[in-house]
Amino acid sequence: MTTPYQQQSQAPVPPQSPPQSPPQGPPQAAPPMPPQAPHQTNPYQAAPHHHTQPPQPQPHQPHQQMPSGPPSQPYAGVGPYTSPIPVRRTSLGNALASEWTKIKSVRSTIWTLSVMVTLVIGIGLLVAATTADSDYDTVPTTLPGFFGTLLGQLCVVTLGVLVITSEYSTGMIRTTLTACPQRSRVLTAKALVFFTLSFTITTIALVLVAYASMGMHSGPAVAEPTGDQILGATVGAGLYVSLLGLLSLAVGAILRHSAGAITTMLGVVLLPSILPAFLMMSDSLRDLGSKMLEYSSPQSLASLFQIDDSLNNGWPQLSVLAGITAAAMIAAYALLEKRDV
């Protein structure tokens, strides 16, 4: 008797097939292995370890600095480098050449000097042409140059200010003082170049007017000018106008502002001619007013042209202006050295 559990465990067994024998025939050869490429290494094979030696320290060699210069001239020497360009110390002549290049290349110089020459020569010749010989019986024939110089001096004053203040307004003064760290040399070069240029141009214009007027008016009724009168009307007046322009340059170096310096110089030129009229109204200030009028710009030029016998020859006024200009230049030198750019 069997239990139900025994019946489930006795499952029918499928019939097994008889073993099959391998087919009879000649034995087959194994397929040939593909040939390996020569010098082909197994990627899974570890690379051989190469034993390298540590780098040996190299002896210290001095560093040779290659010279700076054009690539067309390579440096092939071993010793110290010698520049093919001659190196020399700068001097006042270099500063003068620089300032001359600047003053002749800007338009302000051409325009102001052209207007000054036009006023001096144009007004002088116009006065000489519209006057008669009888007008020069007591005054020298060099008088026509006086009227043009009264207006022409304002052009020189303006140019004297712009010679230095234009560099401050554009920032060019930094480049100038970097190229020439000696600030006193820069101001000296500017003063010499400007004074020479203004004196030469003004004197030439006055000489042309003086001799043109002397040629237009001659005769027994005409008072021939003396050598002192000709010298005062040409060299003296040119020197006065140039000193006035140099004073303007000093004021421009002190103020470093074009409008302020020009306004100040217009006051210096015009105020002594206007203020004495009010000072003479007072008894206590009358002497001050007369002295101020004597040394004003129009009166000083009139003395240099000797248009009146009561006036002196104008050289005292010229000396006073030279002293004031020297004091202003000393102040400009001191402030230029102390102040920053």
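You're looking at a predicted model, where local features need pLDDT of at least 70 and side-chain atom pairs count only at pLDDT 80 or more, while totals for chains, interfaces and linings use all residues. Residues are numbered from 1 along each chain as its sequence is written, and side-chain values use heavy atoms, with hydrogens and water left out.

**The nonpolar core**
- The largest nonpolar core has 54 residues; such a core is a set of buried Ala, Val, Leu, Ile, Met, Phe, Trp, Tyr and Cys residues joined through side-chain atoms within 4.5 Å.
- Leu187, Phe194 and Met265 have the most contacts inside this core.
- Helices supplying at least two residues each to this core include α3 (107-130), α4 (144-170) and α6 (183-216), and α7 gives the most, with 12 residues.
- Helices here are DSSP runs (H or I, at least four residues), numbered from the N terminus.
- Leaving aside neighbours within four places in sequence, Leu187 is in contact (heavy atoms within 4.5 Å) with Ile164, Leu249, Ala253, Met329, Ala332, Tyr333 and Leu336.

**The nonpolar surface patch**
- Leu266, Leu270, Leu271, Ile274, Leu275, Phe278 and Met281 make a nonpolar surface patch of about 680 Å².
- To join a patch like this, residues need over 30% relative accessible area and no salt bridge, with nonpolar side chains (Val, Leu, Ile, Met, Phe, Trp, Tyr) joined within 5 Å; a salt bridge is a side-chain nitrogen of Lys or Arg within 4 Å of a carboxyl oxygen of Asp or Glu.
- Areas come from the Shrake-Rupley method with a 1.4 Å probe.
- Helix α8 (residues 258-274) gives the largest share of the patch, four residues.
- The cut-offs are under 20% for buried, over 50% for exposed, and partly exposed in between (1.4 Å probe, protein chains only).

- Residues 143-164 are 95% helix, with end C-alpha atoms 34 Å apart.
- Residues 191-211 are 100% helix, with end C-alpha atoms 30 Å apart.

**A buried serine**
- Ser213 is found in helix α6 and is buried, at 0% relative accessible area.
- Not counting residues up to four places away in sequence, Ser213 touches Ala128, Tyr136, Thr141 and Pro144.

Terms used. Patches are made of residues with over 30% relative accessible area and no salt bridge: like charges are joined within 9 Å, nonpolar side chains (Val, Leu, Ile, Met, Phe, Trp, Tyr) within 5 Å.
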